[in-house]
Amino acid sequence: MRTSQYLLSTLKETPASAEVISHQFMLRAGLIRGVASGLYTWLPTGVKVLKKVENIVREEMNRAGSIETLMPMVQPADLWEESGRWEDYGPELLRIKDRHQRPFVLGPTHEEVITKLVSFELNSYKQLPLNLYQIQTKFRDEIRPRFGVMRGREFLMKDAYSFHLSQDCLEKTYQNMHKAYCRIFDRLGLDYRPVLADTGSIGGDASHEFHVLAESGEDDIAFSDSSEYAANIEKAEALAPQGERPSATQELTKVATPDVHSIDEVSAFFKTSNDKVAKTLLVLGECEEGETAPIIALVLRGDHELNEIKAEKIAGVAMPLTMATDEQISAAAHCDAGSIGPINLDIRVVVDRSVEYLNDFICGANETGYHFTGANFGRDINNYEVADIRNIVAGDPSPCGKGKLTIKRGIEVGHIFQLGDKYAKAMGAAVLNDSGKNQTLTMGCYGIGVSRIVAAAIEQNHDQHGIIWPEAIAPFKVVIIPMNMHKSARVKETAEKLYAELTAAGVEVLIDDRKERPGVMFKDMELIGIPHSIIVGERNLDNEEVEYKNRRSGEKSTLKIADVNNFITEK
RNA sequence: CGGUGAUUAGCGCAGCUUGGUAGCGCACUUGGUUUGGGUCCAAGGGGUCGCAAGUUCGAAUCUUGCAUCACCGACCA
């Protein structure tokens with residue numbers, strides 16, 4: 001490709017709307033342009049990268065025995081009514097009508113379509129297991145799109161669905177997909193980790209997310225420092241403290257604490273630390289429609305944060321988790337939010353494992369402006385349940401039993417999980433088994449955010465000058481940068497010869513044949529992040545040489561012109 | 001959806017307080033100059049100042065409403 005005949009579209013300045021580095025470089029290097037919030041046009045260079053990611057995903061899915069299909073983005077509403085998600089999915093599902101006023105949705109995912117398909121196409125156990133995938137555009141009407149294509153509303157996704165008669169068979173495919181995902185991210189050249197993930201409402205143990213590690217990631221990942229254990233913080237279990245709870249040494253004492261509300265204020269008032277204070281949050285419990293929701297108290301140590309996923313899983317707690325309003329708080333605890341405590345509270349009380357271990361702690365007295373000191377379980381509080389409801393913090397013991405946890409940020413680029421029979425049951429996907437009986441299928445589903453990978457790769461591979469593409473997904477492998485080609489016939493001739501040779505050898509090569517000063521070319525090519533540069537200048541031609549520069553290492557060397565082709569081809 | 005801020009040329013911004021014919025840098029075009037790290041000089045083209053209403057002789061500027069965008073929060077297979 002010649003830059004003179006290409007659409008390079010680089011920007012010198014960073015558009016003000018781009019917050020994260022990948023978004024800035026994607027705009028500056030001419031990979032994407034915004035069209036509306038969360039919607040982007042992919043420019044030629046961006047498309048080249050996107051296609052490379054897509055092809056690696058496709059090759060490895062094919063290799064793993066998955067079969068490519070393509071489903072429509074626009075899906076009829078009745079499929080979603082059949083699965084129950086027309087009601088459940090919420091406003092993230094974009095609902096549209098056709099000219100006949102018939103309702104449709106823009107597909108945020110394709111479980112409905114694929115399961116319906118399979119229910120028609122499969123009749124016999126002999127056709128199982130089956131694993132189908134597609135690489136296709138999804139639309140999710142995110143509340144807040146951000147970070148460019150990292151969280152866009154329209155994005156490219158690879159989604160695969162597998163169908164089985166037995167859990168055993170599903171687990172085999174699941175493991176196979178796990179391996180295929182590792183191969184994909186290995187080939188992409190990314191620093192990634194498979195981590196245990198929450199399975200949502202489906203339950204079961206088997207769900208993994210694949211995270212690219214980067215500071216700008218939106219998820220917290222917990223790692224053991226001495227084992228392979230890694231889990232999304234939503235999922236990571238906080239173990240109960242070891243040993244016996246220390247016994248009570250103080251009397252329960254009510255202390256006036258005027259204008260003291262937050263945990264920080266409480267611990268400052270009592271000149272102690274947050275971990276000696278219990279905070280009590282009131283949430284709504286489940287109830288029948290029209291009834292008044294019961295209120296449930298969740299008690300955490302002052303220095304810990306509530307894990308909403310864990311809290312939602314407690315039987316009787318409303319899903320989604322809903323905090324009580326001020327009115328509900330004063331009705332249930334007879335005080336303001338800043339003075340709630342578990343003592344003499346006549347509602348259901350769930351305390352975190354770490355709280356139960358406390359002795360002589362401080363908590364609200366359920367009377368506005370008062371706190372208790374010297375609170376103790378067993379003596380002052382007897383009616384309570386214990387559960388794991390907090391986020392783990394760095395330094396907690398690993399749930400696997402080995403080592404302590406550290407926390408890093410990750411970008412979720414893949415997610416695999418075992419779906420069970422939720423959709424198969426709803427959409428009537430069943431086959432005759434070997435005893436001639438109708439049997440509902442069990443499913444797995446496996447997603448990769450293809451467009452998000454492009455952004456994640458940049459987050460992980462850049463410097464102050466621009467992108468440093470991993471070799472496998474670079475838009476071009478090599479760029480030829482001629483110095484003052486329009487002045488020097490020798491330079492032009494050599495650059496053109498190398499361009500022809502490399503092109504003939506099947507190398508993706510870009511030649512910068514613009515009439516630009518060298519500095520402009522260098523800056524642009526570094527911004528775009530092409531891994532290898534060949535610089536052709538008068539300076540080296542007398543020796544039949546050109547200069548080579550590596551984008552990642554910065555390493556420079558001179559090459560004999562005759563050796564360039566082999567040198568680049570072997571890279 | 002709550003909070004914050006923004007909206008003036010393709011991009012980055014000034015002008016608004018104190019109303020009076022719309023500016024700067026980059027990019028673009030032309031000519032010259034320069035040529036191994038975003039040269040320099042000159043001349044150009046490009047904007048009904050987000051939209052609507054109001055105040056006023058006169059509105060980018062003041063008032064009101066709306067829209068869009070971004071950030072923080074909540075939310076998120």
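This is a predicted model: local features need pLDDT of at least 70, side-chain atom pairs count only at pLDDT 80 or more; totals for chains, interfaces and linings use all residues.
**Questions about RNA strand B and its protein**

Q: What makes up the surface near RNA strand B, by class?
A: There are 12 nonpolar, 8 polar and 19 charged residues. Here Asp, Glu, Lys and Arg count as charged; Ala, Val, Leu, Ile, Met, Phe, Trp, Tyr, Cys and Pro as nonpolar; and the others, Gly among them, as polar.

Q: Which element supplies the largest share of that surface?
A: Helix α14 does, with 7 residues. α14 (518-528), β20 (405-420), α15 (538-541) and β29 (545-550) each supply at least two residues. These names come from DSSP runs numbered from the N terminus: helices are H or I with at least four residues, strands are E with at least two.

Q: Why is the pair formed by Glu547 and a base nitrogen of RNA strand B called a polar contact?
A: A polar contact is a pair of N or O atoms within 3.5 Å; within protein, one must also be able to donate a hydrogen and the other to accept it, and residues adjacent in sequence count only if both atoms are side-chain atoms. An N or O atom in the Glu547 side chain is 2.5 Å from that base nitrogen, so the pair meets the cut-off. Base oxygens of the RNA are also reached: a polar side-chain atom of Arg517 lies 2.7 Å from one, and for Lys549 the distance is 3.1 Å.

Q: Is Ser83 buried or exposed, and how do you know?
A: Its relative accessibility is 10%, so Ser83 counts as buried, since buried means under 20%, exposed over 50% and partly exposed in between (1.4 Å probe, protein chains only). Ser83 lies in helix α3 (residues 77-83), and its side chain makes a polar contact with the side chain of Glu112 at 2.6 Å.

Q: Why is Gln101 called exposed?
A: Gln101 has 53% relative accessibility, so it counts as exposed. Gln101 is found in the loop between β5 (95-97) and β6 (103-106), with a positive phi of about 65 degrees although it is not a glycine.

Q: What makes Asn344 exposed, and where does it lie?
A: At 69% relative accessibility, Asn344 counts as exposed. Asn344 lies in the loop between α9 (326-333) and β16 (348-352), and its phi is near 55 degrees.

Q: Why is β17 said to pair with β18?
A: Two strands pair if DSSP finds at least two bridges between them. Phe361, for example, has Ala375 in β18 as its bridge partner.

Definitions and conventions:
Residues are numbered from 1 along each chain as its sequence is written. Chains are lettered from A and ligands numbered from 1 in the order in which they are written. Side-chain values use heavy atoms; hydrogens and water are left out.
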